[in-house]
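Here is a short note for a colleague opening this structure for the first time. The points below can be read with the model on screen.

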Amino acid sequence: MELFIDSANVEVIKKLVDVCPLKGVTTNPSIISRQNNRSFFSVLEEIQKVIGSQRVLMVQVIASTYEGMIKDAQRIVKELGKEVFIKVPATLTGIKVIKTLTSEYYNVTATAIYSTFQGIVSLNAGAQYAAVYYNRIENLGFSAEEVITSISKISDKKSKIIGASFKNINQVNKAYLSGAESCTLPPEILEQGLCSLNVEDAVEGFKKDWNKVYGDKTISSL
Ligand code: E4P
């Protein structure tokens, strides 16, 4: 099971990388645009420094033509290194790009997957990850669980499904249970998942019981 953070906020990533067993960081053009007009590559280089070379960084192309997407991918790799995963939307043109990039040994994530068919074709084209847009699928009135389950059934397991586009932790749980090997979470959803009021109440209860007997002492000071 892998866990990614869907963010380009370096401070937030810095905080979470120390806390969680993160596989890496995913970004998209919207996420990067939220970083106060900072230079595209300097934000990504900073993220790389924070997460280290053992973790994965995913960066999406922006061009919409075949040639444009290939050039975007080449530039991303030139600036950030060949271990970066290039995110390519699973459109008709995108699938052709995925085929070319994977045949040239680029790491590729097919993204913007709303249907089982898109997922299957992306994996067949050689993508190592297929990013299924959970909440956006649900907003259209379809079952994201069904999309993930179907891709997972057909997949030869050489590639991974990465659940994306989450708006609550229940969606994340369902994505993993449906067969996603990986999920990418906005930081606020990750924090929501670990900081519920019930958990805080439980921890507070333990502390109160302890304090009644042992006062302010901690275990290490006994
Ligand atoms: C990640 O790969 C996706 O780009 C992202 O999760 C999309 O999320 P959104 O639907 O909240 O924009």
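1. A residue counts as buried when its relative accessible area is under 20%, as exposed when that area is over 50%, and as partly exposed in between. Ser165 has a relative accessible area of 13%, so Ser165 is buried. Please keep in mind that this is a predicted model.

2. On the overall layout: the chain has 222 residues, and buried residues make up 45% of them. The chain contains 11 helices and eight strands. Along the principal axes, the C-alpha atoms fill a box of roughly 70 × 40 × 30 Å.

3. On the ligand site: where does the ligand sit? The ligand is placed in the largest pocket. Around the ligand are Asp6, Asn28, Lys87, Tyr133, Arg136, Ala164, Ser165 and Lys167. Sorted by class, this shell holds four charged residues, two polar ones and two nonpolar ones.

4. On polar atoms at the ligand: which distances separate the side chains of Asp6, Ser165 and Lys167 from ligand oxygen atoms? For Asp6, a polar side-chain atom lies 2.6 Å from an oxygen atom of the ligand. For Ser165, the distance from a polar side-chain atom to a ligand oxygen atom is 2.7 Å. For Lys167, an N or O atom of the side chain is 2.7 Å from an oxygen atom of the ligand. On its own the ligand has 350 Å² of accessible area, and the protein covers 86% of that area.

5. The phi angle of Ser165 is near 60°, which is a positive value in a residue other than glycine.

6. Lys157 can be read next to that case. Phi of Lys157 is near 70°, again a positive value in a residue that is not glycine. Lys157 belongs to the loop between helix H8 (144-154) and strand E7 (160-164). Is Lys157 buried, exposed or partly exposed? Its relative accessibility is 48%, so Lys157 counts as partly exposed.

7. Phe4 is part of strand E1 (residues 2-6). With a relative accessibility of 0%, Phe4 counts as buried. Phe4 and Pro186 are 182 residues apart in sequence, while their C-alpha atoms are 8.8 Å apart in space.

8. Tyr66 lies in helix H4 (residues 66-80). The relative accessible area of Tyr66 is 21%, and the cut-off for buried is under 20%, so Tyr66 is partly exposed. From Tyr66 to Ile98 the separation is 32 residues in sequence and 9.8 Å in space, C-alpha to C-alpha.

9. Lys99 belongs to helix H5 (residues 92-103). How does Lys99 count, as buried or exposed? Lys99 has a relative accessible area of 53%, and exposed means over 50%, so Lys99 is exposed. In sequence Lys99 and Phe117 are 18 residues apart, and in space their C-alpha atoms are 16 Å apart.

Methods:
Residues are numbered from 1 along each chain as its sequence is written. This is a predicted model: local features need pLDDT of at least 70, side-chain atom pairs count only at pLDDT 80 or more; totals for chains, interfaces and linings use all residues. Side-chain values use heavy atoms; hydrogens and water are left out. A residue is near a molecule or strand if one of its heavy atoms lies within 4 Å of it. A polar contact is a pair of N or O atoms within 3.5 Å; within protein, one must be able to donate a hydrogen and the other to accept it, and residues adjacent in sequence count only if both atoms are side-chain atoms. Accessible areas come from the Shrake-Rupley method with a 1.4 Å probe; for residues, only the protein chains shown count as cover. On a 1 Å grid over the protein atoms alone, a cavity is a set of points where a 1.4 Å probe fits but cannot get out, and a pocket is an open set with protein on both sides within 12 Å along at least five of seven lines; lining residues have an atom within 4 Å of a point. A molecule sits in a cavity or pocket if more than half of its atoms lie within 2 Å of its grid points. Ala, Val, Leu, Ile, Met, Phe, Trp, Tyr, Cys and Pro count as nonpolar, Asp, Glu, Lys and Arg as charged, and the others, Gly among them, as polar. Helices (H or I, at least four residues) and strands (E, at least two) are DSSP runs, numbered from the N terminus. Buried means under 20% relative accessible area, exposed over 50%, partly exposed in between (1.4 Å probe, protein chains only).
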